[in-house]
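This report goes through some parts of one protein chain for a reader who is new to it. Please keep the sequence and the structure in view while reading.

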Amino acid sequence: GYGIVTGGWPGVYELTARYFARELERNRTPLEDRLIQVVPEDKLPAFPAGNLVLVTRGEEEWTESVKRAEAVVLIGGFEGTCTTGEYGRKFKRAVFPLADTGGDAARFYMDMQRNWKDEFLPGINKKRFQVVAREAPQVIDGLIELLDEWKKHNK
């Protein structure tokens, strides 16, 4: 029942959008209702489907996507992924860094572990949060359970 907000870049963004689109197709759910891609107005997205939100290059690429999301899931990454997580915290979004994907997601996860505050994820304790460090694909089931718990607690 969740949607996703992503960027239009090749790599993780593209793969996530494509796999998400395939899952929605199986359930006959319109992609435009659940996939938002925030992309610079002068860029061709790697996967040009879904609801495209065109923005100016720079800070708006991060702020617009985070503003449109209730929670932020970080996957791998280098530099920009940490920036997305920081904007997630700034805009009081739940941030779930999938640690086993490496890169910025792992660094962000460890930063959250070292500096844990209950306000990071109201209703989710530090021990329960550690499910996001599990190996894929098991981490996905744990992530969805956490999202459900967080959403229920934060209605």
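The model is a predicted one. Asp104 lies in helix α5. With a relative accessibility of 4%, Asp104 is classed as buried, because buried residues are those under 20%. Apart from neighbours within four places in sequence, Asp104 touches Gly76, Gly77, Phe78, Glu79, Gly80, Thr81 and Cys82.

## Helices α4 and α5

Helix α4 covers residues 80-90 and helix α5 covers residues 103-114. Their axes approach to within 8 Å and cross at roughly 40°. This angle makes α4 oblique to α5. The crossing of the two helices is right-handed.

On the α4 side, the contact is made by Gly80, Thr81, Cys82, Gly85, Glu86 and Arg89. On the α5 side, Asp104, Ala105, Phe108, Asp111 and Met112 take part. Sorted by class, the contact of α4 with α5 consists of four nonpolar, three polar and four charged residues.

## Helix α3 and its packing

Helix α3 spans residues 59-67, and its residues Glu61, Thr63, Glu64, Ser65 and Val66 are buried. Which elements do the buried residues of α3 pack against? They pack against the strands β1 (4-7), β2 (35-40), β3 (51-55) and β4 (71-75), and against helix α4.

The axes of α3 and α4 come within 9 Å of each other, with a crossing angle of roughly 50°. The two helices are therefore oblique to each other. Their crossing is right-handed. Glu59, Trp62, Thr63 and Val66 of α3 meet Gly80, Thr83, Thr84, Tyr87 and Gly88 of α4. In this contact of α3 with α4, three residues are nonpolar, five are polar and one is charged. Gly80 belongs to the contact of α4 with α3, and Gly80 also belongs to the contact of α4 with α5.

## Aromatic pairs

How many aromatic pairs does the structure hold? There are four aromatic pairs. One of them joins Trp116 and Phe120 in an edge-to-face arrangement, with 5.6 Å from centre to centre and 90° between the planes. Trp116 is buried at a relative accessible area of 17%. Phe120, at 13% relative accessibility, counts as buried too.

Trp116 also pairs with Phe129: the ring centres are 5.1 Å apart and the planes stand at 40°, so this pair is tilted. Trp116 sits in the loop between α5 and α6 (126-129), while Phe129 sits in helix α6. The two residues are 13 residues apart, and their pair links distant parts of the chain. Both Trp116 and Phe129 are buried. Together, Tyr109, Trp116, Phe120 and Phe129 form one aromatic cluster.

## Tyr13 in helix α1

Tyr13 is found in helix α1, which runs over residues 12-26. Is Tyr13 buried or partly exposed? Its relative accessibility is 33%, so Tyr13 counts as partly exposed.

Leaving out neighbours within four places in sequence, Tyr13 is in contact with Thr6 and Gly7. The C-alpha atom of Tyr13 is 9.0 Å from that of Gln37, and these two residues are 24 residues apart along the chain.

Notes:
Residues are numbered from 1 along each chain as its sequence is written. This is a predicted model: local features need pLDDT of at least 70, side-chain atom pairs count only at pLDDT 80 or more; totals for chains, interfaces and linings use all residues. Side-chain values use heavy atoms; hydrogens and water are left out. Axes are lines fitted to C-alpha atoms, for helices over the stretch in contact, and angles run from 0 to 180 degrees between N-to-C directions. Helices (H or I, at least four residues) and strands (E, at least two) are DSSP runs, numbered from the N terminus. Angles under 35 degrees count as roughly parallel, over 145 as roughly antiparallel, 65 to 115 as roughly perpendicular and the rest as oblique. A crossing is left-handed if the near helix is turned anticlockwise from the far one by less than a right angle, and right-handed if clockwise. Contact means heavy atoms within 4.5 Å. Ala, Val, Leu, Ile, Met, Phe, Trp, Tyr, Cys and Pro count as nonpolar, Asp, Glu, Lys and Arg as charged, and the others, Gly among them, as polar. Buried means under 20% relative accessible area, exposed over 50%, partly exposed in between (1.4 Å probe, protein chains only). Rings of Phe, Tyr and Trp (its six-membered ring) pair if their centres lie within 6.5 Å; planes under 30 degrees apart count as stacked, over 60 as edge-to-face and the rest as tilted.
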